[in-house]
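Let's take a walk through this model together, one site at a time. Keep the viewer open as you read.

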Amino acid sequence: MPASGCFSFGKEVAAFYDLSVLGAIVVKATTLDERQGNKTPRLAETAAGMLNAIGLQNPGVERVIETELPPLRKYGIPIIVNVAGNAMEDYVQVVERLNDSPDVSAIELNISCPNVKCGGIQFGTDPEMAASMVRAVKRASRTPVIVKLSPNVTSISEMALAVEEAGADAISLINTLIGMKIDIARRAPLLANGQGGLSGPAIKPIAVRMVYEVTSHVKIPVIGIGGITTGEDVVEFLLAGAQAIQVGTANFTDPLACKRIIEELHAYCDEAGVKDINTLIGAAKPHAKGRFL
Amino acid sequence: MPASGCFSFGKEVAAFYDLSVLGAIVVKATTLDERQGNKTPRLAETAAGMLNAIGLQNPGVERVIETELPPLRKYGIPIIVNVAGNAMEDYVQVVERLNDSPDVSAIELNISCPNVKCGGIQFGTDPEMAASMVRAVKRASRTPVIVKLSPNVTSISEMALAVEEAGADAISLINTLIGMKIDIARRAPLLANGQGGLSGPAIKPIAVRMVYEVTSHVKIPVIGIGGITTGEDVVEFLLAGAQAIQVGTANFTDPLACKRIIEELHAYCDEAGVKDINTLIGAAKPHAKGRFL
Amino acid sequence: MAVQRVLEQRVIGPELYALTFSAPLKLSEGGYEPGQFLHLRVTDSFDFVLRRPLSLCQVHVERNALTVMYRAQGAGTRRLARLRAGDAIDVLGPLGKGFPLHAGDRRALLIGGGIGVPPLVELARHLHAQGSEVVSVIGFQTADQIILREELKAYGQVHLVTDDGTEGVRGRVTDVLTPEQCEGVTRYYACGPTPMLRAVQTVLRERDIPGYLSLEERMGCGIGICVGCVHKVRREGRESYVKTCVEGPVFPAEEVVFS
Amino acid sequence: MAVQRVLEQRVIGPELYALTFSAPLKLSEGGYEPGQFLHLRVTDSFDFVLRRPLSLCQVHVERNALTVMYRAQGAGTRRLARLRAGDAIDVLGPLGKGFPLHAGDRRALLIGGGIGVPPLVELARHLHAQGSEVVSVIGFQTADQIILREELKAYGQVHLVTDDGTEGVRGRVTDVLTPEQCEGVTRYYACGPTPMLRAVQTVLRERDIPGYLSLEERMGCGIGICVGCVHKVRREGRESYVKTCVEGPVFPAEEVVFS
Ligand SMILES: Cc1cc2nc3c(=O)[nH]c(=O)nc-3n(C[C@H](O)[C@H](O)[C@H](O)COP(=O)(O)OP(=O)(O)OC[C@H]3O[C@@H](n4cnc5c(N)ncnc54)[C@H](O)[C@@H]3O)c2cc1C
Ligand SMILES: Cc1cc2nc3c(=O)[nH]c(=O)nc-3n(C[C@H](O)[C@H](O)[C@H](O)COP(=O)(O)OP(=O)(O)OC[C@H]3O[C@@H](n4cnc5c(N)ncnc54)[C@H](O)[C@@H]3O)c2cc1C
Ligand SMILES: Cc1cc2nc3c(=O)[nH]c(=O)nc-3n(C[C@H](O)[C@H](O)[C@H](O)COP(=O)(O)O)c2cc1C
Ligand SMILES: Cc1cc2nc3c(=O)[nH]c(=O)nc-3n(C[C@H](O)[C@H](O)[C@H](O)COP(=O)(O)O)c2cc1C
Ligand code: FES
Ligand code: FES
């Protein structure tokens, strides 16, 4: 039961529970060089959600490999590194550096972060650019490449088909929706960055719809993300066709969220008589064929 | 203070308060012929929002003109008719029929309804098709044409510029986002229609962002819509650049919503010392120039 | 519509509650019909953008209070179950069209399934008051779900049915609707889950008894503006979707089309 | 972290509240520092996806309870103000790095502005206990906002400042930080709004007094995973954003960069 990019590099949550219960861990976006990120405020609360404009603050791939990943080894779970950058070469270079790390199980290509000015987002909204990015990264990467798509597009299926065609091993859906909150006292956008990414329960219906739609078009596995807070939310994403899920914002509300959600999922399966959780995958589709990972 | 397409044809709310307090009334989508709409369930609740898949149920333009509009005259407020259809000719024909009604102050072109199978939504996501639709309707219409855009697009500014260029008199932002909820007990989408339109407070940050963005690009007035529930929400949309707003879902939670929101807005202005509400419009922009309607 | 006070919340079975609150209107002045519903705002939180429709079950004119009975099945009703005496509750209604009374009716048959039984109590009281004989057939899944039996007995004979036979007749309410049982019935009134209504409609159409069905559709506004709550009816040979919140929830049985 | 019980909610001024609840840890075993914060979940509703950070104000070891004091300014704190004794509250913490104590300090200057005063009380108690002389300078907008004056007096001299002069000295806290007043001060500790912290930092840097600032940034997780709460610090000549929830909220004054 993979956790998401809202986990930093894991060590903080490890103070709350043993991370080995997780299906995998997706670490925070990593760029070639260290990034300072955006000015503050970076966070705003919204109805059933939040906006963030972190701006990819991270210590750079070198330090991630040296100091952040090795402590995660002891949990014996796959480590997925979320990769971001501006130009295509940035991505490729990060991926090449990650090839040298024994700790990396897969790459999650973040072509969908709405909070970086130059680049990033174009790759996430243009099918052809996304495809060429995926091809370049696939050529460079030793490990499987998961492509994380942006929901801020007219046709998510078109994007998904483009990256599948280009060789993506899996797709993560969804990153945040672009939103804004205005501080009426200051008469200015609340976030220093102006706009930010909307996450949390508010976006769950959009995420479920996109997972349902994309899994009806592509054959590669889809990882569902967006507003997952309970075990039943996981069931909803599985029924929509997701083969795995990630939990973001819920970790902020409750540091034990991932652990609790896994327990709730097991409890649900016991109660509903679900012996094999894979039978849930895509079962809400008209002609559920029961696809398996 | 205009109210929105979640008001049916007004008479039900008139039982709760005198509609003449409203700035205008936007009646439910009207099509050429009567429409039965979608099967039930048509509604689902989501976190801070709801999904609907009504499917444009309405009695057809003829009956709207004859029986629905005349009773609204007595309130002395502008009546805006939301127009929908499948093909371009449908729209044009509805608009031509509406020319004959003395009750219609403006047309709101609904090229963004996600709940009708054939047509509608294409016009809402393709700038060129949207522009040609607007041109055709502008030619046909006696009254100003407001174009209601769909948020389910990669670039809302591109859409807005296209319809402005094509002659739109104003833009309404936003219609619902496409979402889905799965009934985990039935293992099927909860709505009979599968997907539906997400509205309510959950989508407010997306709507504010789009209003802010579009009003930075177009010169025609923008009407803000999406999750407005309080007077302060209205202030947020005005600061983002909207010149008017519409209230949808909040009317379902509270039949008095529009009246209450107007009162709250007045109370806010009194408290904050805002003498002319127009000074709020766009005031959250870096170089607020104070544009007026 | 207004914010009311909760007067009492009582557990009446597993996940079953009776909630009594001050009435949004002066009950002594009438203005309500059995079979109408109240549209309750769960809390003032955005967690519940939609209100919850619950049937008017009991009217306490002297206390100017109303009681609804409900099953805490989903998030909203579970939250309602946390209300305590003294809490505020935003109540819209009574709304919709209730069960029409026909003064000349000799014998009325009331059919209720599970949490569809509550609106029948106030109906029974009115029928009884106008001199009609009242016979109730009420069905539940199992014995511990039984509600309102004694209340209905106050107005006439009650036939009890349970799915599993733990009490009363084992089976479905329609099993009790034999020709003998229906002998002399001038009109029926039914409220319950859709499959039950459909079966009741079929059986009693065969017996040529006119009646009313109270339908349960998901509601948004409850006042006719969202067009979410429609059900298909046939009128003058023409089928169309009508709003159950304003034209219903009670409809003449012969109009109702189940698809 | 765990769900705690509210023991008391007291109004201590206009929109000002003192909330006392059972402690998430055994206080007799220590494990907390003055200046740390508690991260409170407002309700279990989605209306408040983010917790609210409030400084540890008073520690009641005998009752194993904690008090926070806060201004109900926005939706979340207004909702917190509705809590009553017996209600449940989800408390994370104490979190972050508090005010470090330096055993040899002769004279400590505590500077608090408005709702930044609460964390100074527990700090004053600790300083007093280790034998440091405590001098507090606390500023408020107006007389009716004054909180914790008596509590601080228990540990030393208190200088009161109000913006409008309704009580104490009229002006800002920095107006009191004259060279004479700072005479003999070995260290200072400040908590309050950012403009105050910036002014204090400037004035006391001139006086060559080392100190600590408690920063207020918008927080998400409170435990270091969202990277939302950063503030700029300068260390070894290099500026970078650090997380105030885990590396702060208290920082050595000389590190803190205000932009
Ligand atoms: C006219 C009418 C009268 C009713 N009277 C009663 C009554 O007296 N006692 C009683 O226990 N129940 C009654 N119901 C059903 C009751 O409204 C639902 O059980 C309740 O709304 C479920 O809400 P929830 O929060 O538990 O479920 P959730 O699943 O959280 O609800 C989500 C949404 O779906 C709607 N919904 C879910 N289930 C139903 C359902 N079965 N019928 C209608 N809407 C539903 C909710 O209203 C809400 O909008 C009545 C329904 C209608 C239409
Ligand atoms: C370490 C720390 C200690 C604090 N201690 C206290 C205290 O002891 N007493 C007290 O009254 N206040 C204290 N504050 C400020 C307090 O956290 C905010 O006043 C509170 O979060 C505002 O929430 P709201 O629901 O009223 O406002 P809303 O506007 O509804 O809050 C929306 C979001 O913005 C955040 N936010 C809004 N204003 C502030 C602010 N000034 N600082 C930080 N986050 C903010 C909220 O936490 C929330 O995430 C402290 C802040 C920090 C960072
Ligand atoms: C504070 C914050 C930081 C995030 N950082 C990243 C990131 O570095 N890389 C990435 O791909 N997604 C990032 N995301 C997006 C999440 O991984 C996730 O796709 C999104 O939040 C939706 O899921 P949720 O609703 O469960 O939070 C971030 C989200 C938040 C709220
Ligand atoms: C039940 C329902 C019906 C709607 N019908 C229409 C419609 O007929 N025409 C239209 O342009 N928009 C329609 N909308 C969209 C709303 O007008 C509005 O754009 C959207 O709901 C966002 O605003 P809100 O969050 O305030 O509801 C409908 C929305 C809902 C919830
Ligand atoms: S519930 Fe809205 S029209 Fe009936
Ligand atoms: S509040 Fe999340 S990192 Fe500090």
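What follows goes from the symmetry of the chains to the ligands and then to a cysteine site.

A few ground rules come before the tour. Residues are numbered from 1 along each chain as its sequence is written, while chains are lettered from A and ligands numbered from 1 in the order in which they are written. This is a predicted model, where local features need pLDDT of at least 70, side-chain atom pairs count only at pLDDT 80 or more, and totals for chains, interfaces and linings use all residues; side-chain values use heavy atoms, with hydrogens and water left out.

Let's begin with symmetry. Two copies of a chain are related by a rotation about an axis and a shift along it.

Gly55(A) sits in the loop between strand 3 (49-52) and helix 1 (61-68) of chain A, with helices (H or I, at least four residues) and strands (E, at least two) taken as DSSP runs numbered from the N terminus. At 8% relative accessibility, Gly55(A) is buried, and the cut-offs are under 20% relative accessible area for buried, over 50% for exposed and partly exposed in between, with a 1.4 Å probe and protein chains only. Thr176(A) is in the loop between strand 7 (170-173) and strand 8 (177-179) of chain A, and Thr176(A) is buried too, with a relative accessible area of 9%.

Which chains surround ligand 3? Residues from chains A and D do, so the site is shared between chains. There are 22 residues around the ligand, and the closest are Lys28(A), Asn82(A), Lys148(A), Gly227(A) and Thr249(A); a residue is near a molecule or strand if one of its heavy atoms lies within 4 Å of it. Lys148(A) places a polar side-chain atom 2.7 Å from a ligand 3 oxygen, and Gly200(A) has a backbone N or O atom 2.8 Å from an oxygen atom of ligand 3. Taken alone, ligand 3 exposes 600 Å², and the protein buries 97% of that (areas come from the Shrake-Rupley method with a 1.4 Å probe; for residues, only the protein chains shown count as cover).

Ligand 2 takes us to chain D. Of the 20 residues around ligand 2, Arg52(D), Pro53(D), Thr77(D), Ile115(D) and Glu216(D) come nearest. A nitrogen atom of ligand 2 is 3.0 Å from a side-chain N or O atom of Ser55(D), while a backbone N or O atom of Gly74(D) lies 2.8 Å from a ligand 2 oxygen. On its own ligand 2 exposes 830 Å², of which the protein buries 89%. Strand 4 of chain D gives the most to this shell, with 4 residues.

The "binding site" annotation from an unreviewed UniProt entry covers Cys221(C), Cys226(C), Cys229(C) and Cys245(C). They span 25 residues in sequence, yet no two of their C-alpha atoms are more than 10.1 Å apart, so they gather at one spot. Cys229(C) belongs to the loop between strand 13 (211-214) and strand 14 (230-235) of chain C, and is buried with a relative accessible area of 2%. Cys245(C) is in the loop between strand 15 (238-243) and strand 16 (250-252) of chain C, and also counts as buried at 2% relative accessibility. Leaving aside neighbours within four places in sequence, the contacts of Cys245(C) include Phe37(C), Met219(C) and Cys229(C).

Conventions
A polar contact is a pair of N or O atoms within 3.5 Å; within protein, one must be able to donate a hydrogen and the other to accept it, and residues adjacent in sequence count only if both atoms are side-chain atoms. UniProt positions are given in the numbering used here, feature names are shortened, and annotations may be inferred rather than shown by experiment. Contact means heavy atoms within 4.5 Å.
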